[in-house]
Amino acid sequence: MGIVAHEFAHGCIAARLGQGWYEKMTIRAQAHERAADELATLWGFGKEIRLMRKERDHKVSAILYSRVKEIRRGRRAEIRRSVRRARLLLEQYDRSPVPGTRRTYAACPRSPASSPRSY
Ligand SMILES: [Zn+2]
């Protein structure tokens, strides 16, 4: 019941926000989660909301904490891919001819710090 009340509260808040409600809600997601809890509590579902939060803190957080290493590894791999993409773009830009001249820039030598390494 707590979950249903919470979701209905999101619907009421979204209706009040009007046009662009989805963007407005996703920008301040945490504040909207709390607002949905508060509205559901005002409707008389305070006990259910508290139980829902308690269950989430104990079960969901425990699952998330057990996956912290895996999540961090994924984030680091994502960052490495972004760095590689940025480096490739910079190298392409560096090789493009300068408008109005015949000269092209030579590619910058890689610094030792930018060589691939394993984490
Ligand atoms: Zn929610």
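**Entry 1: the model**

I note that this is a predicted model, where local features need pLDDT of at least 70, side-chain atom pairs count only at pLDDT 80 or more, and totals for chains, interfaces and linings use all residues. Residues are numbered from 1 along each chain as its sequence is written. I looked up pLDDT, which is the predictor's confidence in each residue, from 0 to 100. The protein chain has a mean pLDDT of 84, and 80% of its residues reach 70 or more. I keep one caution in mind: where pLDDT is low, the predicted coordinates should not be read in detail.

**Entry 2: the elements**

I counted 4 helices and 0 strands in the protein chain. Helices (H or I, at least four residues) and strands (E, at least two) are DSSP runs, numbered from the N terminus. Along the sequence the pattern reads α-α-α-α.

I then checked burial. A residue is buried if 20 or more other C-beta atoms lie within 10 Å of its own, exposed if 12 or fewer, and partly exposed in between, with C-beta atoms placed from the backbone. Of the 119 residues of the protein chain, 7% count as buried.

For contacts I used this rule: two residues are in contact if their C-beta atoms, placed from the backbone, lie within 7 Å. Of the contacts with a separation of 6 or more, 58% are between residues 24 or more positions apart.

**Entry 3: helix 1**

Helix 1 has 16 residues and reaches 23 Å from its first C-alpha to its last, close to the expected 22 Å. Its buried residues are A5, H6 and A9. They lie on the same side of helix 1 because they cover an arc of only 100° around the axis. That arc is taken from the directions from the helix axis to the C-beta atoms. An α-helix has 3.6 residues a turn, so residues three or four places apart point the same way.

The face turned away from the buried side carries the exposed residues I3, V4, E7, G11 and A15. Helix 3 is included in what covers the buried residues of helix 1.

**Entry 4: helix 3**

How far does helix 3 span between its end C-alpha atoms? I found only 24 Å, whereas a straight helix of 38 residues would span 56 Å. Helix 3 bends by about 130° at F45. The bend is the angle between axes fitted to the seven residues ending there and the seven starting there.

I listed the buried residues of helix 3 as A36, D37, A40, F45 and I49. What covers them includes helix 1. G46 is also in helix 3, but it counts as partly exposed because it has 15 C-beta neighbours inside 10 Å. G46 and G2 are 44 residues apart in sequence, and their C-alpha atoms are 8.0 Å apart in space.

**Entry 5: the core**

Which residues make up the largest nonpolar core? I found 6 residues: A5, A9, A36, A40, F45 and I49. Helix 1 (2-17) and helix 3 (29-66) each give two or more residues to this core, and the largest share, 4 residues, comes from helix 3. A nonpolar core is a set of buried Ala, Val, Leu, Ile, Met, Phe, Trp, Tyr and Cys residues joined through C-beta atoms within 7 Å.

I looked at A5 in helix 1. A5 counts as buried because it has 21 C-beta neighbours inside 10 Å. Leaving out residues up to four places away in sequence, A5 touches A40, W43, F45 and E48. A5 and A40 are 35 residues apart in sequence but 5.4 Å apart in space, C-alpha to C-alpha. With neighbours within four places set aside, the contacts of A40 include G2, H6 and A9.

**Entry 6: helix 4**

Helix 4 (residues 68-95) has 28 residues and reaches 41 Å, close to the expected 40 Å. Helix 4 is hardly covered, and its count of buried residues is 0.

Definitions and conventions. Expected span 1.5 Å × (residues − 1).
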